[in-house]
Amino acid sequence: MRIRLSIAAILVAFLIPAGQVFSQTAASTRPDDGRIIDAVAKMNEGQFQKAGAELGKIVAESPSNDAAWYYLGLCHLYTRKLDEAVKCLKKASELDPANYWYKDRLALAYSMSGEDDLTIATYEDLLKEFPKKDDLHFNLVNLYLKNNQFDKALSAMDQIEAVFGKNEQVTSTRYDILLRQNKPDEALKALQEYNKEYSSPFVLTKLGDHSIAEYKDTAALGYYQEALDLQSDYMPALLGVAEVYRIRRDYPAFFSTLDRFIRDEGTDVQAKSQFLNMLVARSDHRFFQNNKPQIDSLFDKIVVLHPSDTTALTSASLYYYATERQDKAMGLMHRNMDLNPTNLTAAVTYVQMLTNNKDWDAVKAACDSCISRFSEETDFLELKNYACYNKEEWQEIIDNSWKIIEIAKGDTSKTIPALSNIGDMQYQLGNSKEAFKTYEKVLKQDPGYSPALNNYAWYLAIQGKKLKKACAMSRKTIEKEPDNVTYLDTYGWILHLLGKDKEAKSYFKHAMLYGGKESANILRHYATVLEALGETDLAKVYRTQANNKEAEGKD
């Protein structure tokens with residue numbers, strides 16, 4: 001089955017030579033042809049507004065010029081003015097009903113507008129005139145399947161076979177459609193009939209997969225082996241064999257087969273890595289513990305066979321990190337970063353590993369190295385800030401945050417958090433007046449930004465200033481995130497300061513259900529509220545818990 005082109009890929013195909021359309025129009029030469037060709041040249045250069053403006057003048061002066069309507073429709077389609085695109089392409093098609101391209105792009109415009117019924121009708125109409133256009137058949141099959149019109153999809157498959165003959169992709173699609181109709185016997189029959197005439201590794205492997213799904217491992221193994229007899233390096237069949245061995249718990253044969261898969265030079269390294277990742281993800285604890293050396297061996301081999309491939313190095317590194325062999329994991333990821341210096345993902349993953357190890361000096365050094373290589377990225381400044389926070393280097397966080405704002409101009413998803421961090425650090429440095437000004441700037445840009453609302457409210461509260469304003473800001477945060485224990489603690493404490501202890505109690509009780517018992521500060525605040533309400537015995541319980549948490553180092 002052909003995969004339908006993405007919209008972006010199809011749009012590139014819009015810019016077909018002007019002559020291809022002109023040659024199909026009624027008049028061989030028209031006064032506006034030169035102007036249209038100039039407009040198409042602008043389209044090819046991506047100047048869609050200029051091209052559209054010129055084409056708009058042409059259709060105003062010559063409303064019967066179908067080519068001008070067509071290209072104007074493409075301009076609108078490229079700039080996502082879908083209603084206008086449909087209008088123009090429909091006009092072009094009405095002026096020249098025999099032109100294939102007009103109707104084809106009209107169908108695409110309908111599709112992009114979500115008008116599946118009109119898209120289907122247009123393609124069906126085109127198919128009557130151009131029965132040997134294979135793209136039309138496949139587009140219709142995709143649309144029928146999208147709209148769960150399975151009988152029509154099968155009918156279209158019949159037409160494809162009648163016009164173009166049988167092939168394994170068409171057979172596979174027919175099989176998938178029948179399965180979606182819950183007709184497994186008919187689906188199996190479609191594969192078997194094809195296999196009798198045109199035996200192929202692809203269809204044999206599908207037959208093996210079908211047998212596996214029906215718990216017929218012996219039949220499955222037979223199909224997979226037959227596929228490998230036809231093509232000894234057909235990896236989907238080889239993996240099918242491995243799956244049979246796994247089901248049978250024949251692990252020596254299972255790992256031997258996987259070793260052959262990993263060693264195969266013709267198999268894409270990304271496919272190998274993805275399979276190993278999947279193997280680890282679906283392995284239960286017992287399987288993993290019993291077969292750890294064999295799994296290690298597979299990851300080691302992929303690195304040996306593909307020593308500089310970033311996918312292989314990343315997979316192996318993450319595997320060893322997840323299995324608590326951090327030195328080996330870090331070594332592999334560092335090698336990955338060195339061998340692939342322009343790979344952002346490799347660099348970020350390495351720094352994140354250092355961060356998880358809480359090696360703050362190493363994090364900062366690695367971030368500085370990466371910042372020089374990825375000067376337009378903010379990820380490393382953000383990771384460096386995390387290290388600086390743990391080292392209580394407040395001014396450095398401010399400096400880094402200003403750099404983030406400079407790099408990410410216009411990207412509020414980055415600039416607003418950075419500005420909020422500046423406010424936090426200004427407060428840590430004892431400059432509460434500047435911090436509050438900074439928070440006001442943040443909230444002017446995004447009145448609902450919860451971190452700034454919470455921190456601003458909290459700092460006002462601990463200073464005993466503007467408690468009503470603080471309460472209103474804090475209230476917004478719990479309306480947005482009602483289970484956030486930090487926000488519940490802030491709001492509950494402000495209510496306490498306002499003398500509303502009964503109301504505050506309910507928010508602290510809620511916080512206890514969502515992790516508040518892990519924080520000494522929240523437990524202590526709750527104890528204070530309970531004491532204010534005269535519930536001294538319960539208050540002692542929570543105060544004791546707070547002291548215990550504090551002794552454990554959990555603030």
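Reader: Is the crossing of H3 and H5 left-handed or right-handed?

Author: First, a caution: this is a predicted model. Now the general idea. Handedness tells you which way the near helix is turned from the far one. Here, H3 and H5 cross in a left-handed way.

Reader: At what angle do H3 and H5 pack?

Author: The angle is about 15°. The axes of H3, residues 33-44, and H5, residues 66-78, are 11 Å apart. Angles under 35 degrees count as roughly parallel. H3 and H5 are therefore roughly parallel to each other.

Reader: Which residues of H3 and H5 meet?

Author: H3 brings Ile-36, Val-40 and Met-43. H5 answers with Ala-67, Ala-68, Tyr-71, Leu-74 and Cys-75. Then sort them by class. This contact has 8 nonpolar residues, no polar and no charged.

Reader: Now another pair. How do the axes of H19 and H21 cross?

Author: Read the distance, then the angle. The axes of H19 (residues 310-322) and H21 (residues 344-356) come within 11 Å. They cross at roughly 15°. That makes H19 roughly parallel to H21. The crossing of H19 past H21 is left-handed.

Reader: Which residues make the contact of H19 with H21?

Author: From H19, take Thr-310, Ser-317, Leu-318 and Tyr-321. From H21, take Ala-346, Thr-349, Met-353 and Asn-356. By class, this contact holds 4 nonpolar residues, 4 polar and no charged ones.

Reader: On to charges. How many salt bridges does the whole structure have?

Author: The general idea comes first. Look for a side-chain nitrogen of Lys or Arg within 4 Å of a carboxyl oxygen of Asp or Glu. A search of the whole structure finds 36 salt bridges.

Reader: Which residue does Arg-246 meet in a salt bridge?

Author: Glu-243. The N to O distance is 2.8 Å. Next, check where the two sit in sequence. Both belong to helix H15, residues 235-247, and are 3 residues apart. That spacing is about one helical turn.

Reader: Are Arg-246 and Glu-243 buried or partly exposed?

Author: Under 20% is buried, and over 50% is exposed. Arg-246 has 29%, so it counts as partly exposed. Glu-243 has 18%, so it is buried.

Reader: Where do Lys-384 and Glu-396 lie?

Author: Start with the bond itself. Lys-384 and Glu-396 form a salt bridge, with the closest N and O atoms 3.3 Å apart. Lys-384 is in helix H23, residues 379-390, and Glu-396 is in helix H24, residues 394-407. So the pair ties together parts that are 12 residues apart in sequence. Lys-384 is buried, at 8% relative accessible area. Glu-396 is partly exposed, at 23%.

Reader: What does Arg-524 form with Glu-550?

Author: A salt bridge, with the closest N and O atoms 3.3 Å apart. Arg-524 lies in helix H31 (residues 520-532), and Glu-550 lies in helix H32 (residues 536-552). So this pair ties together parts 26 residues apart in sequence. Glu-550 counts as partly exposed, at 49% relative accessibility.

Reader: Let us turn to the backbone. What is the phi of Glu-392?

Author: Glu-392 has a positive phi of about 60°, although it is not a glycine. Its place is the loop between H23 and H24. Glu-392 is exposed, with 55% relative accessible area.

Reader: And where does Lys-466 lie?

Author: In the loop between helix H27 (450-463) and helix H28 (467-480). Lys-466 is not a glycine, yet its phi is positive, at about 45°. Lys-466 counts as exposed, at 57% relative accessibility.

Reader: Last one. Is Ser-420 buried or exposed?

Author: Buried, at 2% relative accessibility. Ser-420 sits in helix H25, residues 412-428.

Reader: Which residues is Ser-420 in contact with?

Author: Set aside its neighbours within four places in sequence. Ser-420 then contacts Tyr-439, Val-442, Tyr-449, Pro-451 and Ala-452.

Definitions and conventions. Residues are numbered from 1 along each chain as its sequence is written. This is a predicted model: local features need pLDDT of at least 70, side-chain atom pairs count only at pLDDT 80 or more; totals for chains, interfaces and linings use all residues. Side-chain values use heavy atoms; hydrogens and water are left out. Axes are lines fitted to C-alpha atoms, for helices over the stretch in contact, and angles run from 0 to 180 degrees between N-to-C directions. Helices (H or I, at least four residues) and strands (E, at least two) are DSSP runs, numbered from the N terminus. Angles under 35 degrees count as roughly parallel, over 145 as roughly antiparallel, 65 to 115 as roughly perpendicular and the rest as oblique. Contact means heavy atoms within 4.5 Å. Ala, Val, Leu, Ile, Met, Phe, Trp, Tyr, Cys and Pro count as nonpolar, Asp, Glu, Lys and Arg as charged, and the others, Gly among them, as polar. Buried means under 20% relative accessible area, exposed over 50%, partly exposed in between (1.4 Å probe, protein chains only).
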